[in-house]
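Subject: Handover of a structure

Dear colleague,

Please find the structure below, together with its sequence.

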Amino acid sequence: RTMADALSDAGDLSGGEGSQDDVMTPAELIARLEEAWLNEKFSPELLESKSELVECVMEQLTHMEENLQRVRKGDLKASVHHMEIGRIRYVLSSYLRSRLQKIEKFFPHVLEKEKSRADGDPSFLSPEEFAFAKEYLANTEVYLKAVALRHMPPNLQSIDMLKAIPEPCLDSFVFLRVKERQEKILVEPETDEQREYVVDLEEGSQHLMRYRTIAPLVANGAVQLI
Amino acid sequence: MDTRSYMPVPPGVGTEENVFSLDDILLSQERLPCRTESVFPGLGFVDKSSDSRHIPEGTKMEIPLWLAKGLYERKRRVISVELPRVYREGWRTVFGADANVVDLHTMGPYYYGLGSQMLHFDSPENSEIAQCVLQTFIGRFRRTMDSSQNAYNEDTSVLVEKLDCLERALFRAGQSGLNAFQLWEKGLASHLTASSLVTNYRKRKLADLQA
Amino acid sequence: MDPSEVEFLAEKETVKVIPNFSLDKIYLIGGDLGPFNPGLPVDVPVWLALNLKQRQKCRIVPPEWMDADKLEEIREQERKEDAFSPVPSCHYMELTKLLLNHAADDIPRADEIRTLVKDIWDTRIAKLRLSADRFVGQQEAHARLDNLTLMEINTTRDFLLDSLNSMHKLRANLQPGKSQDY
């Protein structure tokens with residue numbers, strides 16, 4: 001079996017196995033992952049988990065790595081594949097890491113949001129992230145109790161994590177690039193002397209504005225945070 | 001790469017305070033000039049300058065912000081809180097003329113934080129205070145920005161000397177953006193270094209072996 | 001974001017190389033590359049171009065804009081206008097650094113190019129500070145920044161966004177009782 005045989009079938013794998021979405025090419029899959037990565041990096045709140053996307057990318061990587069095992073070391077083509085795999089892995093782990101960082105930063109609020117989620121609504125957390133958040137909360141509570149709270153007067157021994165840990169600030173400003181044209185986005189005034197106004201977000205244009213205004217557009221992929 | 005495992009909680013800046021923010025904890029220790037509006041029975045020992053058992057009504061004393069917030073109630077007047085000088089009209093005029101000339105570190109160092117916290121005490125001057133604090137921030141913004149962007153590899157102590165704590169935090173954010181870029185530009189960013197944790201661990205292990 | 005991550009994104013841009021080897025198509029996850037034939041120009045991502053160059057397997061054809069005369073025009077334009085001029089590439093800074101550091105022998109007048117790009121960068125960063133100051137001073141709620149590049153945004157991101165957020169909270173002080181709902 002030659003290198004070309006081993007690898008030529010990588011191009012026509014369907015990426016969306018198990019998803020209702022239309023079939024994505026692997027290239028589109030990677031592009032989606034990179035978008036999710038940047039959005040997660042720059043949004044002030046934790047975004048919806050893209051577990052399915054992560055899974056599909058993992059499948060692609062595993063498949064490619066299996067193919068590569070059959071190739072002798074030092075092969076030029078194989079080294080190019082390894083480089084690409086390294087790059088994709090970097091994005092993937094950086095994406096997952098920035099989610100973990102946000103969970104650590106906002107854990108009580110993340111868990112509260114998960115608790116108040118209506119049945120049938122998609123979860124914001126992957127099962128692993130949910131377990132991580134719960135454990136993080138429990139560990140933090142145990143730790144605070146052990147080092148400080150148990151030495152306090154009884155009426156001061158409890159701590160309301162939801163109040164103690166600051167919430168994500170949705171009023172933060174963000175930089176964004178428009179992927180699909182949007183009309184009449186309401187810009188709220190900053191001061192009493194100003195009046196609210198609307199802007200059209202043209203495709204390809206870049207803006208600096210409050211996250212709260214455009215949060216739904218990040219969620220549905222119409223804008224990309226940069 | 002920004003992979004610190006410990007992320008300090010930032011100060012609340014406005015009227016909210018963050019429980020786990022070191023800056024906010026320090027801010028809560030700032031002393032405020034107060035006047036007692038009723039007798040504080042049995043607490044005379046707090047005031048070292050008097051021998052009486054109680055703190056009489058009308059006593060002037062300085063108490064920390066956290067205590068003042070705890071004792072202050074709008075309906076039942078227990079204490080009244082005076083404005084620290086820097087938020088009074090005289091100083092507000094100075095800030096209005098040129099906010100850049102003021103040494104906010106000496107006058108503060110939590111000028112913005114304490115100013116926001118003072119709004120809890122329902123002074124008739126509240127809206128002027130809030131306006132002045134905001135305009136001071138805006139008026140000094142350019143200078144905070146320029147100093148933070150022009151100081152790579154320089155001694156920055158002079159630049160930050162007169163900045164309030166909030167401005168210093170912004171200064172540091174500006175510096176780290178600039179430093180990261182300049183390290184990248186020089187090609188130093190791509191070198192991975194072992195974290196100090198790992199290095200120390202190795203040292204410890206070595207020390208254990210030698211012991 | 002670390003500048004090296006912005007550079008990482010820039011490495012996805014394509015560049016022409018002239019290989020000195022032959023190899024048939026490579027089916028990468030992100031798309032097909034090649035085939036490679038000695039002496040025939042082919043488009044590849046920058047990360048691969050640099051790797052091939054390091055192994056002395058290709059010559060890199062600099063992007064059209066990476067030319068001292070063109071960049072001089074761009075620099076003059078940038079200095080003349082108050083607004084940000086369109087950039088030749090949304091990764092002009094990173095690509096200049098990458099290609100000049102790893103393939104300077106393939107790029108004519110490399111030193112001049114380095115200086116010109118640095119001049120353009122400095123002019124633009126000065127404008128960025130001016131507009132940041134204006135944005136803060138006038139307490140604006142929205143700005144359109146079409147021609148800014150990611151690397152430019154990135155050098156000032158934390159500072160500017162932290163400042164705007166602090167300012168927002170100080171402004172919320174003006175409306176007592178109107179607590180910020182999250």
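Which residue in β5(C) is the bridge partner of C:Lys16? The partner is C:Val61. Before going further, please note that this is a predicted model.

The sheet of chain C

Strand β1 of chain C, residues 14-19, pairs with β5(C) in the antiparallel sense, and the pairing runs over 4 bridges. In general, the strands of a sheet pair through backbone hydrogen bonds, in either a parallel or an antiparallel way. The open sheet in chain C has 3 strands, in the order β4-β1-β5, with antiparallel pairing. Its edge strands are β4 (42-45) and β5 (58-61) of chain C, each of which pairs on one side only. From one strand to the next, the twist averages 45°.

Helix α4 of chain C

Helix α4 of chain C covers residues 92-103. At 1.5 Å a residue, its 12 residues should span 16 Å, and this agrees with the model because the end C-alpha atoms are 16 Å apart. The helix is mostly covered, with 9 of its 12 residues buried. Among the buried residues are C:Tyr92, C:Met93, C:Leu95 and C:Ala103; C:Glu94 and C:Lys97 are also buried. What covers the buried residues of α4(C) includes α1 (3-10), α2 (46-54), β5, α5 (110-137) and α6 (150-172) of chain C. The cover also includes a helix of another chain, α8 (165-185) of chain B.

Where chains B and C meet

The contact between these chains takes 35 residues from chain B and 27 residues from chain C. On the side of chain B that touches chain C, α5 (111-118), α6 (126-149) and α8 of chain B each supply at least two residues. The most comes from α6(B), which gives 13 residues. By class, this side of chain B has 19 nonpolar, 13 polar and 3 charged residues.

Chain B is divided into domain 1 (1-82) and domain 2 (89-211). Their contact takes 12 residues from domain 1 and 12 residues from domain 2. On the domain 1 side, α1 (22-27) and α2 (65-71) of chain B each supply at least two residues. The residues of that side divide into 6 nonpolar, 2 polar and 4 charged.

Lastly, the contact between chains A and B takes 4 residues from chain A and 5 residues from chain B. The chain A side has 2 nonpolar, no polar and 2 charged residues.

Yours sincerely

Notes: Residues are numbered from 1 along each chain as its sequence is written. Chains are lettered from A and ligands numbered from 1 in the order in which they are written. This is a predicted model: local features need pLDDT of at least 70, side-chain atom pairs count only at pLDDT 80 or more; totals for chains, interfaces and linings use all residues. Two strands pair if DSSP finds at least two bridges between them. Axes are lines fitted to C-alpha atoms, for helices over the stretch in contact, and angles run from 0 to 180 degrees between N-to-C directions. Two residues are in contact if their C-beta atoms, placed from the backbone, lie within 7 Å. Ala, Val, Leu, Ile, Met, Phe, Trp, Tyr, Cys and Pro count as nonpolar, Asp, Glu, Lys and Arg as charged, and the others, Gly among them, as polar. The expected span of a helix is 1.5 Å times one less than its number of residues. A residue is buried if 20 or more other C-beta atoms lie within 10 Å of its own, exposed if 12 or fewer, and partly exposed in between; C-beta atoms are placed from the backbone. Domain bounds come from an automatic or database domain assignment.
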